[in-house]
Amino acid sequence: MEQNVNTTQNNEKPQGFFQSNTAKIIMVGLLVFILLIPLQFVKSLIFERAQRQKEVIQEINEKWGGDVYFYGPIIKVPYTVYEKTKIVDEKTRKVTYEITPYTEYAYFFPDELKANIDVNVDADSKKRGIYKSAVYTSDLDFKGSYCLPDFSTQKTSEKVEEADIHWDQTRLTIKTTNIKGIQGSANITIGGKKLSFEPIAQTTKRERKSVMETAPVNIKELLANNSAPFSLNIKYQGSESLSIVPIGKQTEATMTSNWHSPSFKGNFLPKTTGTQGQSFPAHWSISYLNRPFAQRYFNGLPDLSDYTFETGFITPVDEYQQSERTAKYGFLVIGLTFLVFFLIQTISKISIHIFQYGMIGLALIMFYTLLISITEHSSFMLGYFVAGAAVVVMIGLYSVSILKGIKFPLFIAISLSTLYSFIYVIIQLEDYALLVGSIGLFVILGAVMFVSRKIDWNNSSLPTAKA
């Protein structure tokens, strides 16, 4: 009996290193890292297509109309300032003064400013090829009141005399972007008089904001009772965003739009917002005490672009952004899929060649190219479903020929479907993506530990029960 046992032991050949589980794990791990190279090319393709989309959208927006920035209306009053130059006679040492007059401008903001803004976003009509831009048409209706400009607060060494104020040369002015997007005329009615704005030639090409002014008017006559109401209506074709400087001593603004996901930015957030179906109303109430700038300026108009309330009209997460986020999980998908195959190989004693692992890995990478190409012509959800189903079916059928049965391939197909569904849920989440992802990975790790707890890694088989 002892001789038979010894004979059996002598007939068993010890496994070489390359046939051991350790070698197989190393080879599969190296293959995972090698497959990261084509996965990186896929990420580059997504980035390239996304950049192309941005370029096309920018071109569409430039032709239709860019973002809108509105700063006004402002009363601009010229006044004369006298510069005194000291002149000393070198011979007699007599001192005389030369008086040189020159013109300065004072700028006065309205006491009250109410804005009623309606924005209609069209996300489908402006297309070029497969790309489209969310452009809008806006109707800005401003109402408010002005009081008679007060020069007593002018901070100079000498008080401005009434005779030096040129009331009859007063203009109303606004600063804005996207003047090519203005539809029709821009008119203001103040004190019962209607005035039209005209663009002023730019003094420098670097200045992005354009200036529009009315013809000269005697503002003192229009404000005969020391105050007068005004109304201004202007229509824009624009894109991406609309921002307004709250220059009223008390500014009230209400915006309505059909856009489903506005982005409120700028220095002031709306006091109230709401969603009504596919539209939203928003309301701002801003006092002059809430802003770090005054109601009047002398010798120049300040740049107040940092103190606006702004609404963005852009797609929060487009198809390329979602595809890019999906591709970031490529390493996880490949690693977990290979792990499932390796555990099945270890438990069932079925040999899977490294070439077959490579084919499975390339099929997993094909998911991302299918996803990009399909979502460019349809929705992300449909593209994700079609690409995922195609890859699951392909790997499932391939597994039937490798694993010589239906039980393990069915398990692999269910595992892949669950993994793709899990990743899709993470992609759609924003606030809870990290939480759900961490919990999901913890559950997956626990499942792998549970399945592999009884595997005899030395003999590549499950331990047999003792008699």
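Predicted model: local features only at pLDDT ≥ 70, side-chain atom pairs only at ≥ 80, totals over all residues.
Residues are termed buried when their relative accessible area is under 20%, exposed when it is over 50%, and partly exposed in between (1.4 Å probe, protein chains only). Residues are numbered from 1 along each chain as its sequence is written, and side-chain values use heavy atoms, with hydrogens and water left out.

The protein chain contains nine helices and 18 strands, where helices (H or I, at least four residues) and strands (E, at least two) are DSSP runs numbered from the N terminus. Of its 467 residues, 39% are buried. With contact taken as heavy atoms within 4.5 Å, 77% of the contacts between residues at least 6 apart in sequence join residues at least 24 apart.

The unreviewed UniProt entry places the feature "transmembrane region" at residues 21-42, 329-347, 354-374, 380-401, 408-427 and 433-451; such positions are given in the numbering used here, feature names are shortened, and annotations may be inferred rather than shown by experiment. In the model, residues 329-347 are 95% helix and 0% strand, with end C-alpha atoms 27 Å apart. Residues 354-374 are 100% helix and 0% strand, and their end C-alpha atoms lie 31 Å apart.

Helix H7 (residues 380-403) comprises 24 residues and reaches 33 Å from its first C-alpha to its last, close to the 34 Å expected at 1.5 Å a residue; the expected span is 1.5 Å times one less than the number of residues. Its buried residues are Phe-380, Gly-383, Tyr-384, Ala-387, Gly-388, Val-391, Val-392, Ile-395, Gly-396, Ser-399, Ile-402 and Leu-403. An α-helix has 3.6 residues a turn, so residues three or four places apart point the same way. The buried residues of H7 pack against helix H4 (319-327), H5, helix H6 (354-375) and H8. H7 is followed by Lys-404, which has a positive phi near 55°. Helix H8 has 22 residues and reaches 32 Å between its first and last C-alpha atoms, close to the 32 Å expected. Among the buried residues of H8 are Pro-409, Ile-412, Leu-416, Tyr-420 and Ile-427.

The second largest pocket holds about 590 Å³ of space. Its lining comprises 22 residues, of which Val-340, Phe-411, Ser-415, Ile-444 and Val-448 are the closest to the centre. On a 1 Å grid over the protein atoms alone, a pocket is an open set of points where a 1.4 Å probe fits, with protein on both sides within 12 Å along at least five of seven lines, and lining residues have an atom within 4 Å of a point. Grid points are joined across faces, edges and corners, and a volume is the space filled by probe spheres set on the points. Helices H5 (330-348), H8 (407-428) and H9 (433-451) each supply at least two lining residues, and H8 gives the most, with nine. By class, the lining has 18 nonpolar, four polar and no charged residues; Ala, Val, Leu, Ile, Met, Phe, Trp, Tyr, Cys and Pro count as nonpolar, Asp, Glu, Lys and Arg as charged, and the others, Gly among them, as polar.

Two strand residues were also examined. Thr-311, in strand S18 (residues 309-313), counts as buried because its relative accessibility is 0%. Beyond its neighbours within four places in sequence, Thr-311 is in contact with residues including Glu-240, Met-255, Phe-280 and Trp-284. Ile-87, in strand S1 (residues 68-88), is partly exposed, with a relative accessible area of 36%. The C-alpha atoms of Ile-87 and Glu-98 are separated by 7.1 Å.
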